[in-house]
Every structure is written in C-alpha cells, then in structure tokens.
Amino acid sequence: MKITVVGAGAVGASCAEYIAIKDFASEVVLLDIKEGYAEGKAMDLMQTASLNGFDTKITGITNDYSKTANSDICVITSGIPRKPGMTREELIGINAGIVKTVSANLISHSPNTIMIVVSNPMDTMAYLVHKSTKLHKNKIIGMGGALDSARFKYRLAEALQSPISDVDGMVLGGHSDTGMIPLTRFATRNGVPVSDFLSEERLSQVKEDTKVGGATLTKLLGTSAWYAPGAAVSAMVQAIACDQKKMFPCSVMLEGEYGLNDICLGVPVIIGKNGIEKIVKINLNKAEAENMKVSAEAVKKVNELL
Ligand SMILES: NC(=O)c1ccc[n+]([C@@H]2O[C@H](COP(=O)([O-])OP(=O)(O)OC[C@H]3O[C@@H](n4cnc5c(N)ncnc54)[C@H](O)[C@@H]3O)[C@@H](O)[C@H]2O)c1
C-alpha cells in the first residue's frame, strides 16, 4: 500500500504522521514544491518511528512525481490555507490552479489511484478534479464531512458533558461556514437521541459552533487547523487501504442522489478498497432537505468561478 500526500505543510504532514502511526501502509510519499521541505518533514517524522513504534516508510520529495508512481491512494493538501477573517471560498483563485496541475501530475504516474481532495474550497476542488481528469467518479473523494462530523461530536460531548466516545453524529452539505448541515435529529448518545438530553436552544448553539469550527480555530491559530484535518484524512485513507467499508460524510459527485446533479457535496458514503463503494440515502425531513438545496446552490456558485 503506497500512499502519496501532496503538500507537506501543516495538514499534509499531520496526515502522514497519523497514517504512519496507525502502521497499515508500507510507504507514504510526501511531496511539496518548496525545495527540501518534504524531505525535512519526512526525515523528522521517520525519526519518530522508533519512539512511536511504526514501520511505515515516509519519503520526502521536491516536486518529482516519478517517485509517486503506482500510488494506491493520493491525497491533495497543496494550496494556501485561509487566514483569520477569510472564507474558504476566497482561496479558489490560487488553489484551483494548484489542484488542477497536481491532480494531472499524480494521475500521469498513478492512473488507477484513488484521490482524496483536501485543499479548499474543497467541494469545488473535488468538482475540478472530476472535470479536469478522466479518473472514475468512484475514485475522487473530497474530505470535509469527516472533519466537520468530528467537530460536531466534540461540541455535542461538550454540551452533554459526556465522553466523546458516547456520541455519534454526522455533518452533511458543503464544507463551508454557512453550508454545513449538522444533523442533530440523527445524533445520539449511545443510541439515545441527543434531543432527549439537550434543549432545542442548546442544540442550535452546538450547530452554530460546529459550522464555524474551522473559523474559530483559524482565529486562535492565525492559520487553519491541522491535527483534526490530518486525523480525518488518515481515517479515510485507512478505510480504503484496509477495505473497512466505513461510512463517512464525503464530498462526492452526485448524479441524482439527494435530488442533486453535477455537483460534489457532502453526503454519507461507504468507503472501501474501490474508493466510493456506495452513496447512502438517508431520509431527510423537509427542513434538512431544504438546507441541502441551499448548501448546493452556494457550492454551485463557487463552481461557476472555475
Ligand atoms: N478539507 C478540509 O477539511 C481542510 C481542512 C484543513 C485545511 N484544508 C485546506 O488544506 C490546504 C492546506 O492547508 P495547510 O494548513 O496544510 O497549508 P500549508 O500552507 O501549511 O501547506 C500547504 C503546502 O502546499 C505546498 N504547495 C503549494 N503549491 C504546491 C504545488 N503546486 N505542489 C506541491 N505542493 C504545493 C506548500 O509549499 C505548502 O507546504 C488549504 O487549502 C486548506 O484550506 C482543508
């Protein structure tokens, strides 16, 4: 199992680290355009191997795609992150060019790869990979919902004053401050609806805190977060590499599902060795379906900027 991560910055390196620590892959290739940067990150990470007990080999490369050849999974994290006060959508001008070039380079050396798109605005970047490459639609997966759902569970546990492992829940829709749809109606504490524990008002607060989860961290850190994004990508990579058939909300190309067409948007997806194994249809109520529609319209507007 060979995995390439493009972009050895905050998210890319965190993702490589979590993949290595879980010790399911033989090789992780980190590639960056900045001379020596990926080599440095890879060497530093390899020097944690004896301490953290993993055998995954991490190699760093400056922009030489021949070293990524025959990767089973490629992750794109290259591009600029947002600064405090910015929206993800504002990154499109620079990141679209980067994602287009990087995906083409990766596919030229790994035509059968499964690609996970992380760079923002992520739903539009996943759509761009669909439109600009010939990769099968089941092999292009945008990462956003796995992270947003982890943030949702964090906020739910905070409100419930419970351990996070007691909590389950999902965030669908666009990966943006306004487009996310935290599904409080489906969220549970050990199978019991969270509405049995929390008032409607408290649940609304959880929803709002979840939606601005990334912006809250960007304000605190001065740049966008990396530990939870890296962990979310690594969980998806592991689900593919180990054919776990786990369900994550992922941004995938919709062809009629949820009444939407020609758009990548966050919906529940089973992922395994073939990438997208199945898009899961859940019964949204009228308000949730309306939120999906509004979220999709906003993503389509950003797609038009491509
Ligand atoms: N989808 C999500 O949930 C999610 C979460 C967090 C961050 N992000 C996004 O991920 C991206 C990376 O964030 P970060 O915090 O790691 O940024 P960063 O600046 O720390 O790292 C980005 C890296 O990409 C490299 N790069 C730029 N152009 C490149 C190219 N053409 N080829 C190879 N490498 C190139 C840079 O040199 C840099 O090292 C941003 O767009 C950010 O908004 C997405």
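Start with strand E8 (171–173): E8 gives the most to the lining of the largest cavity, three residues. Strands here are DSSP E runs of at least two residues, helices are H or I runs of at least four, and both are numbered from the N terminus. This is a predicted model, so local features need pLDDT of at least 70 and side-chain atom pairs pLDDT 80 or more, while totals for chains, interfaces and linings use all residues. Residues are numbered from 1 along each chain as its sequence is written, and side-chain values use heavy atoms, without hydrogens or water.

Back to the cavity. The search of the whole structure finds one of 30 Å³ or more. The largest has a volume of about 40 Å³. On a 1 Å grid over the protein atoms alone, a cavity is a set of points where a 1.4 Å probe fits but cannot get out; a pocket is an open set with protein on both sides within 12 Å along at least five of seven lines; lining residues have an atom within 4 Å of a point. Fourteen residues line this cavity, and Gly144, Gly145, Asp148, Gly173 and Gly266 lie nearest its centre.

Now the largest pocket. Its volume is about 830 Å³. It has 40 lining residues, with Thr77, Ser78, Gly79, Ile80 and Pro81 nearest the centre. H4 supplies the largest share, five residues.

Where does the ligand sit? In the largest pocket; that requires more than half of its atoms within 2 Å of the pocket's grid points. The shell around the ligand counts 28 residues, the closest being Ala10, Val11, Asp32, Ile80 and Met143. A shell residue has a heavy atom within 4 Å. Helices H1 (10–22) and H4 (92–109) each give at least two shell residues. H4 again has the largest share, three.

Next, polar contacts, meaning pairs of N or O atoms within 3.5 Å; within protein, one must be able to donate a hydrogen and the other to accept it, and residues adjacent in sequence count only if both atoms are side-chain atoms. A side-chain N or O atom of His175 is 3.1 Å from a ligand oxygen. A polar backbone atom of Gly79 lies 3.4 Å from a ligand oxygen. For Ile33, a backbone N or O atom lies 3.4 Å from a ligand nitrogen. Alone, the ligand exposes 860 Å², and the protein buries 88% of that (Shrake-Rupley, 1.4 Å probe; for residues, only the protein chains shown count as cover).

Note on methods: Points joined across faces, edges and corners; volume = space filled by probe spheres on them.
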